[in-house]
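Me: I would like to learn how to read a protein model step by step. Could you take me through it?

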Amino acid sequence: MPTTAEATGRDGVGRQRAGFVINPIKFDDVDDVRRQMERICAENGWDEPLWLETTEEDPGAGQAREVLDAGCDLVVPIGGDGTVRTVASQLVGTKVPLGLVPGGTGNLLARNLDLPVTSREDALNLALTGADRRVDVGQVRYWDTDGETHEEYFLVMGGVGMDADVMESTDDEVKKRFGWMAYARSAVLLGYDTPVPASIRTGEDEPVHKKIRSVLFGNVGKLQGGVAVLPEARIDDGQLDTLVVAPRGITGWAGVVAGMVTRGSVGGGNVSYHQGTQVDVQLATPTRAQVDGDGVGYVTRIAGRIVPEALTVRVRPEGQRGARRAGSAA
């Protein structure tokens, strides 16, 4: 159950203070964004915010820890989904809320929580005055081609195969210009790639062997444009939802479409949905993988699981759920 944000700071006496972690390469005028954020904080009675920028060497983790150490009451990443994930990973297990302000082409966590994604002003006003909600996060482990094991949190989705190829092959400038349609273009161009033999285990089930084009697992279900690729996914249900795309030849793509439209009830085994607490995919050949849209290179194995109620996010008060606010990206 969401709880209304406290009126005083974490010390119980002073004004509340937000800490911003911004990815400067996402904006033409970072100073303009900063002035806007400072103005909105002042208008809501908050103290002057802490303002930190990500770097190539540190994409947000160190800055997020600095914000926490400074005693800020709200942490606000502004950048792409990767920046949001990196910052949020440092908040896992704490009670300090994450505020979401649009900055990239995806803004997928905000979309799935019905938060403003077209107006920074609307988004920050909500983050400063909204309610706190505990949500699940995902945790992914993957093995690279050198045999090294890596572990990260994710907020939205992870996957291996075609979805990762799409992320890697979509040019940043094209994404900035065309938004989610840039990903759709790349998906069409990659539709004829060779499938990969894989062993897939979901939950406690026995492994299933298939030639896959993509295995996508998620904490939430919607992509850009409102496309629900994991229609049963809920951010606080303690479950990991998995989509396995395994078309049998070119004609199998019709089955994939049919299966996604009917949520797997038809489609001839070309697509299947699974729900549980974990998934483990072992690949016959190294295959590209992604975590919240960021490519992590080629992997030989990838596994995901859910960590229930691990993160606090600032959302709409319960009476405003479903309300959408219009506005420009300014």
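Me: Which residues of helix 5 are buried?

Reply: Before the case itself, please note that this is a predicted model, in which local features need pLDDT of at least 70 and side-chain atom pairs count only at pLDDT 80 or more, while totals for chains, interfaces and linings use all residues. Residues are numbered from 1 along each chain as its sequence is written, and side-chain values use heavy atoms, with hydrogens and water left out. Buried means under 20% relative accessible area, exposed over 50%, and partly exposed in between, with a 1.4 Å probe and protein chains only. Helices (H or I, at least four residues) and strands (E, at least two) are DSSP runs, numbered from the N terminus. In helix 5, the buried residues are Arg120, Asp122, Ala123, Leu124, Leu126, Ala127 and Leu128. Because seven of the ten residues of helix 5 (residues 120–129) are buried, this helix is largely enclosed by the rest of the structure.

Me: What do the buried residues of helix 5 pack against?

Reply: A contact means heavy atoms within 4.5 Å. The buried residues of helix 5 pack against strand 2 (18–22), helix 1 (30–43), strand 4 (74–78) and strand 14 (294–315).

Me: Which residues touch the most other members in the largest nonpolar core?

Reply: In soluble globular proteins, nonpolar side chains tend to be buried together. A nonpolar core is a set of buried Ala, Val, Leu, Ile, Met, Phe, Trp, Tyr and Cys residues joined through side-chain atoms within 4.5 Å. Here the largest core has 41 residues, of which Leu98, Leu100, Leu109, Leu113, Leu155 and Leu311 touch the most other members. Strand 14 gives the most to this core, with five residues.

Me: How many disulfides are there?

Reply: A disulfide is a covalent bond between the sulfur atoms of two cysteines, and the rule applied here asks for a pair of cysteine sulfur atoms within 2.5 Å. By this rule the count is zero. Cysteine 41 is in no disulfide, and the nearest cysteine sulfur, that of cysteine 72, is 9.9 Å away. Cysteine 41 counts as buried, at 1% relative accessibility, and cysteine 72 is buried with a relative accessible area of 1%.

Me: Where does pLDDT stay under 50?

Reply: pLDDT is the predictor's confidence in each residue, from 0 to 100. The chain averages a pLDDT of 86, and 79% of the residues score at least 70. Over residues 174–192, however, pLDDT stays under 50, and the model has 32 contacts beyond four places in sequence for this stretch. Over residues 323–330 the pLDDT is also below 50.
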